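Q: I want to learn how to read a protein model. Can we go through some features one by one?

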Amino acid sequence: MSLTQIAQQPHVDSYYAATVNDATRYPSLTEDIACDVCVVGGGLTGVSTALNLAEKGYKVVLLEAARIGWAASGRNGGQMIYGFASGMDEFAKYMPEVDVQKVWQMGQYSLDIIKRRVAQHQIDCDLKTGYFHAANKPRHVAEQKAWQEEAATRFGYDRFEYVGKDGLGRFIQSEAYLGGLYDPDSGHLHPLNYNLGLARAAAAAGARLFEDSEVTSLEMSNQADGQHLLKTAQGSVKANFVVLACNAYIGKLSPALARKIMPVGTYVITTEPMNAERCQALMPARAAICDSRFVLDYFRTTVDNRMLWGGKVSYSKMAPRDLPNAMRADMLKVFPQLADLKVEHAWGGFCDITMSRAPHFGRLAPTVYFAQGFSGHGVNVTGLAGELMADAIAGQAERFDLFGKLKHQDFPGGDLLRTPALVLAMAWFRLKDYL
Ligand SMILES: Cc1cc2nc3c(=O)[nH]c(=O)nc-3n(C[C@H](O)[C@H](O)[C@H](O)COP(=O)(O)OP(=O)(O)OC[C@H]3O[C@@H](n4cnc5c(N)ncnc54)[C@H](O)[C@@H]3O)c2cc1C
């Protein structure tokens, strides 16, 4: 995997690409055009922003270096989980409780956005509700029970259900866990088909989408009413507003934003299909499941009865050696009974984490917006980011600006040193997972 080769890349060879249900190709930009808002990046953040803005009547151009959904958005585990990767206490450091409550509500609302968009635009993306957060250790059980209590008393959310070891059979046929917390409102989906469905909706609403159109330079105006100029290999866009939705690949356009995030590799496999009864017995609720370790496993079954298994989160940019077998070995620790299944697809991608794991939204200039740092929790938060940036551009910035209250640290060490420093940190966290 490379963080530099993004231009004109095909979708990676994944289960999602193999089951994609939309072959639309958007053109490459080959002329000089102008618009109200130019969105850079065709992942869930960029496409959601373009859709919201086009619905508001803005003239929108979206430029994607490769294909719509080419990066994290079209490769992820598909787990749509309430809230934010950091949890709520990070927000409480920077804002009064009344605002923390608003952010919590937005985290819940982010799930509603997905459900609404899927229904409104009839996006065929295997959306399924149900998420189980599995406890590996007694301390995880205690933490989950405490969080269930806090969610109910502090945030009024009483839909979590703690399930002990004796109830695990509802979710999983495995001896690996001690129990877990079930959330009926979270769930999972086919992220590439979802991303492509949102793109179709954005185009239908009037946004102009371009693939194979990497932005190679951005000349920003610092004036509130100035025009920005974005160049690609064969064209250019003049825009009154710019939205940067480049995730781990932002480095070329904004080193300042790149310093706030760390690209982290994570990997997924799918097995060959099982027969339907076997799959149903393996994970009866068909929920998305994450375990509770820092270096976590995340998995679920697919509509065609495969195990989709993700994990091996790594701060090194190198994919694990013999990826399919390395991932399979992890899967067999939880499901030894799947030893007869072949791995059919193995792939990986980059998440962008912030130091605090809270998302990083803001402005680089008065009319240049960005949203990044979803920290492995972007399936839901990207849709929220798109709505908030569109609202802010339209003059309703209250919700967007709550996120601006957070302070995000630069990763230490610059480009060369931040990876080694984090590999060391990761080794420590891995060790902690065993304690
Ligand atoms: C393997 C994997 C598993 C994951 N699992 C989950 C999960 O189960 N649940 C969850 O919530 N999150 C998960 N995540 C994280 C989630 O996928 C991301 O947070 C989310 O997709 C980020 O969306 P995005 O649109 O911001 O970025 P991306 O999807 O990465 O899109 C950024 C786009 O910008 C384009 N781009 C960048 N620079 C330029 C440029 N100069 N010009 C034009 N285009 C440019 C890129 O080509 C890319 O398509 C996972 C991530 C990975 C990699």
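Q: How close do the axes of helix 2 and helix 6 come, and at what angle do they cross?
A: First, some ground rules. This is a predicted model, where local features need pLDDT of at least 70, side-chain atom pairs count only at pLDDT 80 or more, and totals for chains, interfaces and linings use all residues. Residues are numbered from 1 along each chain as its sequence is written, and side-chain values use heavy atoms, with hydrogens and water left out. Helices (H or I, at least four residues) and strands (E, at least two) are DSSP runs, numbered from the N terminus. Axes are lines fitted to C-alpha atoms, for helices over the stretch in contact, and angles run from 0 to 180 degrees between N-to-C directions. Here, helix 2 (residues 44-55) and helix 6 (residues 191-204) have axes that come within 9 Å. They cross at roughly 25°.

Q: What name does the angle between helix 2 and helix 6 get?
A: Angles under 35 degrees count as roughly parallel, over 145 as roughly antiparallel, 65 to 115 as roughly perpendicular and the rest as oblique. Helix 2 and helix 6 are therefore roughly parallel.

Q: Which residues of helix 2 and helix 6 make the contact?
A: Contact means heavy atoms within 4.5 Å. Helix 2 brings Leu44, Val47, Ser48, Ala50, Leu51 and Ala54. Helix 6 brings Tyr194, Asn195, Leu198, Ala199, Ala201 and Ala202. Now sort them by class. Ala, Val, Leu, Ile, Met, Phe, Trp, Tyr, Cys and Pro count as nonpolar, Asp, Glu, Lys and Arg as charged, and the others, Gly among them, as polar. The contact of helix 2 with helix 6 has ten nonpolar, two polar and no charged residues.

Q: Is the crossing of helix 2 and helix 6 left-handed or right-handed?
A: A crossing is left-handed if the near helix is turned anticlockwise from the far one by less than a right angle, and right-handed if clockwise. The crossing of helix 2 and helix 6 is left-handed.

Q: At what angle do helix 4 and helix 10 pack?
A: Helix 4 and helix 10 (residues 378-393) pack at about 90°, with their axes 8 Å apart. They are therefore roughly perpendicular to each other. From helix 4, the contact includes Met106, Tyr109 and Leu111. From helix 10, it includes Val379, Leu384 and Leu388. By class, the contact of helix 4 with helix 10 has eight nonpolar, four polar and two charged residues.

Q: How do the axes of helix 4 and helix 5 cross?
A: Helix 4 (residues 97-120) and helix 5 have axes that come within 11 Å and cross at roughly 115°. That makes helix 4 roughly perpendicular to helix 5. The crossing is left-handed. Glu97, Val100, Gln101, Trp104 and Gln105 of helix 4 meet Trp147, Arg154 and Phe155 of helix 5. By class, that contact has four nonpolar, two polar and two charged residues.

Q: Where is tyrosine 157 found?
A: Tyrosine 157 is in the loop between helix 5 (138-155) and strand 5 (161-164). Next, check its accessibility. Buried means under 20% relative accessible area, exposed over 50%, partly exposed in between (1.4 Å probe, protein chains only). Tyrosine 157 has a relative accessible area of 8%, so it is buried. Leaving aside neighbours within four places in sequence, its contacts include Trp104, Gln108 and Asp183.

Q: How many disulfides does the count come to?
A: A disulfide is a covalent bond between the sulfur atoms of two cysteines. The rule here is a pair of cysteine sulfur atoms within 2.5 Å. By this rule the count is zero. Cysteine 35 is in no disulfide, and the nearest cysteine sulfur, that of cysteine 38, is 5.2 Å away. Cysteine 35 is buried, at 6% relative accessible area. The sulfur of cysteine 246 is 9.9 Å from the closest cysteine sulfur, in cysteine 38, too far for a bond. Cysteine 246 also counts as buried, at 13% relative accessibility.

Q: What is phi of aspartate 212 near?
A: Most residues other than glycine have a negative phi. Phi of aspartate 212 is near 50°, a positive value in a residue other than glycine. Aspartate 212 is in the loop between strand 7 (208-210) and strand 8 (217-219). At 19% relative accessibility, aspartate 212 counts as buried.
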